[in-house]
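I opened my notebook today to look around this model piece by piece. Come along and check each entry as we go.

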Amino acid sequence: MSDLKHLPLQSMHEEAGARFGTFAGWRMPLAYPAGVLKEHLHTREKAGVFDISHMRLFGIEGSQTAAFLNRVCPLDAELLETGTSKYTMLLNDEAGIIDDLIVTRLDAERFIIVANAGNAAKDEVHLRAAADGFDIRIQSLDRVLIAVQGPEAESILINAGLDLSDLTFMTVSEPHGHWFASRSGYTGEDGFEIALPIDEAQGFVERVLADDRAMWVGLGARDSLRLEAGLCLHGQDIDETTDPATAALLWAIPKAVREKGAFIGAPAFKRILSEGLAEKRVGLVPEGRQPVRAGAILLNEGGEPVGRVTSGGFGPSVGHPISMAYVARAFSQPGSSLIADVRGKPVSMRVHPLPFTPHRYRKG
Amino acid sequence: MSKTYFTEDHEWMRVEGGTATIGITEYAQEQLGDLVFVELPQSGTALKKGDMAVVVESVKAASDVYAPVDGKVIEVNDALTGEPSLVNSSPLSEGWLWKMALSDESQLDGLMDEDAYKASVA
């Protein structure tokens, strides 16, 4: 593939001995010599360093930015305080999830969106089409994006010359020109995501990794960490055919926003809520040691299909296999029993509350 | 006197008196990463060359291990049920996968010896 995109810090990953794979059109480190299991456990115990520069940052500014965001996301951007972030989505007319993203208010008329790599191009088209008639400018930002996740993240960053101890979960600062740091992440741990100019990135990452509590972590462990934390991967657990309620993401949409119904997809979403959900996203734990992975069909005791697994693997911190799935409403309560078809063999599974590992965010 | 053969799919097979012990190579375990589950065949299963015999699962993915030649499963490594990581720590001895009685020893002629295998992954 000639159009494969490369991370600006690729040579650092190569020197660290990374094994690479393709993800969302990018050549990405999947794991380093320590391996997925150790990288995962190290993140929860100390801190993992992730190069997530494949994710796309959009800067949006102008006098009508808040009004524009209220249109493209089920969000009240006016209520978002300066220096705070919110998890939200881009919805289509049918209330299907085009992408899930973090919106941050940097000041009154300046916001930033962090979007998934695989959806960035499509998001940009959608945003620009919806921007017609609003006084706003949308700009794609070229940054390196580094996540430092885990209980030692704050202290490691202080040692690396970046004191973010004033931040609480889902708040941000701009520590230097063109830098953007937020206390958030995709692991369920306390931690930070730091966007910075490409030419300053290597020096910064070297200072972070000089601390022997910090370790490179690849996409493999990023996936097992987010799965344990019950977080969705767009394109797998959510997509344009799933709505926020079925995806169990209703918490991200304030009631007043739902009632006001000003966002794209609002009429369809209202209808979905009033008709009641046919199925719901849940966590599942298999009996025994065999992982039940994405694509496995879930059956009731009568052998009829009642759901499908969208993510699954082994949870290194919980010490057993875990899955996420969509199941018919009658089976969505914790404790419900289902049977997964794994390569023709039945595996008993039980619905488990999400997350599998408790979130350890630093709330204010 | 035993002889060890290797396949392009990164399996090893130690043959002694019509019986083969099969596992995956050091190179294969490194590529797979830490294993968390091994699905073994039933004793008595008749396998044809190329049939899926075992599934080894890492944190991230499931991978198939194929029968290198025709045969009948006579024993599986039950220790892997409790400790799949034996395949990582000792792929060539304690981490063996299954044993089978060979049906057609002439199939061994198509397999690599250790030197040829090492050259193929170098």
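Which residues are buried in helix α3 (residues 65-72) of chain A? I found Thr65(A), Ala66(A), Phe68(A), Leu69(A) and Val72(A). I call a residue buried if 20 or more other C-beta atoms, placed from the backbone, lie within 10 Å of its own. Helices here are DSSP runs (H or I, at least four residues) and strands are DSSP runs too (E, at least two), numbered from the N terminus.

**Ground rules.** I noted that this is a predicted model, in which local features need pLDDT of at least 70 and side-chain atom pairs count only at pLDDT 80 or more, while totals for chains, interfaces and linings use all residues. Residues are numbered from 1 along each chain as its sequence is written, and chains are lettered from A and ligands numbered from 1 in the order in which they are written.

**Helix α3.** I looked down the axis of α3(A): its buried residues fall within an arc of 160°, so they line one face of the helix. That arc is taken from the directions from the helix axis to the C-beta atoms. These buried residues pack against β5 (56-61), β6 (84-91), β7 (97-107), β8 (110-115) and α4 (120-130) of chain A.

**The core.** Next I looked up the largest nonpolar core and found 108 residues in it. Such a core is a set of buried Ala, Val, Leu, Ile, Met, Phe, Trp, Tyr and Cys residues joined through C-beta atoms within 7 Å. Among those with the most contacts inside it are Leu69(A), Val148(A) and Trp98(B). Domain 1 (5-53 + 143-228) and domain 2 (56-133 + 243-275) of chain A both give residues to this core, so it lies between them. The domain bounds come from an automatic or database domain assignment. Apart from this core lies another, of 21 residues, including Val292(A) and Phe356(A).

**Strands.** I followed β15 (residues 279-286) of chain A and saw that it pairs with β18 (residues 320-328) of chain A in the antiparallel sense over six bridges. Strands pair if DSSP finds at least two bridges between them. Gly283(A) has Met324(A) as its bridge partner in β18(A). β15(A) also pairs with β20 (residues 345-352) of chain A, antiparallel over four bridges, and there Val285(A) stands opposite Arg350(A).

In the segment after β20 of chain A I found Pro355(A), joined to Leu354(A) by a cis peptide bond with omega about -5°. Ala95(A) is not a glycine, yet its phi is positive, about 70°. I placed Ala95(A) in the loop between β6 and β7 of chain A.

Conventions
Buried ≥ 20, exposed ≤ 12 C-beta atoms within 10 Å, placed from the backbone. Contact = placed C-beta atoms within 7 Å.
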